[in-house]
Amino acid sequence: MQIIHSPRHLGHSGHVELMNGRVVPAFEKPERVAMILRAVGERQLGPFVDPTAHGLDPVLKVHDEAFIRFLSTAWQQWTADGRDFPALPSFWKAPGMRAIEPDNIDGKLGHFSFDAGCCIVAGTWDAVQAGADIALTGVDLIADGQPNAFALCRPPGHHAHAGTMGGYCFVNNAAVAAQSFLDRGAARVAVLDVDYHHGNGTQSIFYDRPDVLVCNIHADPMQEFPYFLGYADEAGQGPGEGFNANFPLPWGADFEGWGAALEAACVLVADYAPDALIVSLGVDTYKDDPISQFRLDSPDYLKMGARIAKLGLPTLVVMEGGYAVEAIGINVANTLEGLLQG
Ligand code: OKP
Ligand code: ZN
């Protein structure tokens with residue numbers, strides 16, 4: 001399986017997040033990729049491939065121009081105000097306020113975000129662009145005949161909406177890839193999001209469209225971030241009705257309950273008969289994940305990969321979350337191995 005990655009993710013480092021009322025070092029850190037590279041390298045799941053540059057046009061097909069302009073200039077504007085530390089949003093609009101993009105950088109940070117989990121540093125925008133190129137290169141490989149590919153994106157993307165960053169995510173790599181498959185001739189694409197957290201951004205981007213089926217298996221938003229999307233009754237709207245499926249599970253879910261949801265999601269994907277499948281792969285469902293509350297164990301990821309392989313679809317795996325750095329490598333490698341061996 002071709003593994004696409006770039007050292008440019010390293011630019012997004014030294015940042016912080018607001019967690020339980022405290023500013024703490026970010027859980028979403030560069031070591032995550034180092035551990036994944038080491039594990040997939042040791043198990044020879046490669047080869048490794050560099051991303052090719054695709055420019056911003058494919059990103060702008062799913063993201064708002066004003067939002068991308070903001071991302072590409074935020075650090076410059078933050079530091080022009082004399083700040084030499086990471087940029088973190090802390091103001092948001094309440095219902096009843098106006099959706100205006102202020103001139104002020106603090107106003108912009110609030111306007112274009114939904115939480116204080118998205119911290120911008122000097123190298124963030126370059127890392128984010130590299131991530132989109134990684135996902136798009138994966139699409140190219142599959143469109144050119146590869147049965148599968150692994151886009152080792154960092155930072156993750158599935159929480160990012162068309163015009164909003166949040167939950168460590170800036171550009172929605174999986175959504176950019178899905179749109180690219182369509183633009184390269186696919187009629188239908190399915191996204192299967194197995195990250196512990198609901199992929200609110202991906203859901204939102206395709207919510208009113210029938211050409212992308214979005215299935216999410218995740219912690220119940222009644223208990224867990226992102227709280228305000230990801231409920232079971234969200235089924236899509238307008239022409240997209242019936243093309244979004246959520247499988248919220250309670251804290252403590254193990255592979256018995258989780259695997260049943262995966263089975264149900266796989267049935268939906270198979271019935272949809274997409275031309276390509278994108279797996280938003282978060283391994284924060286792992287029992288020792290520091291910010292999550294599911295109980296999957298490392299061998300479960302082999303089963304997960306094998307079930308997805310049974311779909312028999314061209315499959316692009318896009319990296320999302322997973323914060324137990326000591327186990328992230330084995331869990332990702334197990335998923336890929338399950339996918340390869342079927
Ligand atoms: C990103 B991905 C609660 C903090 C929640 C957001 C988690 C983002 C996870 N105090 N932080 O889906 O793995
Ligand atoms: Zn997650």
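Author: A residue is near a molecule or strand if its C-beta atom, placed from the backbone, lies within 6 Å of it. The structure is a predicted model, in which local features need pLDDT of at least 70 and side-chain atom pairs count only at pLDDT 80 or more, while totals for chains, interfaces and linings use all residues. Residues are numbered from 1 along each chain as its sequence is written, and chains are lettered from A and ligands numbered from 1 in the order in which they are written.

Reader: Which residues come nearest to ligand 1?

Author: Of the 14 residues around ligand 1, those that come nearest are Gly117, Gly167, His197, Phe225 and Gly321. The shell around ligand 1 consists of four nonpolar, seven polar and three charged residues. Here Ala, Val, Leu, Ile, Met, Phe, Trp, Tyr, Cys and Pro count as nonpolar, Asp, Glu, Lys and Arg as charged, and the others, Gly among them, as polar.

Reader: What peptide bond joins Phe225 and Pro226?

Author: Phe225 and Pro226 are joined by a cis peptide bond, with omega about 10°. Pro226 lies in the loop between strand S7 (212-219) and strand S8 (244-249); helices (H or I, at least four residues) and strands (E, at least two) are DSSP runs, numbered from the N terminus. Another cis peptide bond, with omega about 15°, joins Gly46 and Pro47. Pro47 is in the loop between H1 and S4.

Reader: How is the span of helix H5 to be read?

Author: The expected span of a helix is 1.5 Å times one less than its number of residues. For the 20 residues of helix H5 (residues 124-143) this should be 28 Å, and the end C-alpha atoms are 29 Å apart, which agrees. Just after H5, Gly145 has a positive phi of about 115°.

Reader: How many residues of H5 are buried?

Author: A residue is buried if 20 or more other C-beta atoms lie within 10 Å of its own, exposed if 12 or fewer, and partly exposed in between; C-beta atoms are placed from the backbone. In H5, 17 of the 20 residues are buried, so H5 is largely enclosed by the rest of the structure. Helix H6 is likewise largely enclosed by the rest of the structure, because nine of its eleven residues are buried.

Reader: Where is Ser180 found, and is it buried or exposed?

Author: Ser180 belongs to helix H6 (residues 173-183) and is buried, with 26 other C-beta atoms within 10 Å. Ser180 and Val139 are 41 residues apart along the chain, yet their C-alpha atoms are separated by 7.0 Å. After H6 comes Gly185, whose phi is positive, near 115°.

Reader: How does one describe two packed helices?

Author: Two packed helices are described by the angle between their axes and the distance between the axes. Axes are lines fitted to C-alpha atoms, for helices over the stretch in contact, and angles run from 0 to 180 degrees between N-to-C directions. The axes of helix H1 (residues 31-42) and helix H10 (residues 325-341) come within 8 Å and cross at roughly 45°. That makes H1 oblique to H10, given that angles under 35 degrees count as roughly parallel, over 145 as roughly antiparallel, 65 to 115 as roughly perpendicular and the rest as oblique.

Reader: Is Asn20 buried or exposed?

Author: Asn20 counts as exposed, with 6 C-beta neighbours inside 10 Å. Although Asn20 is not a glycine, it has a positive phi of about 50°.
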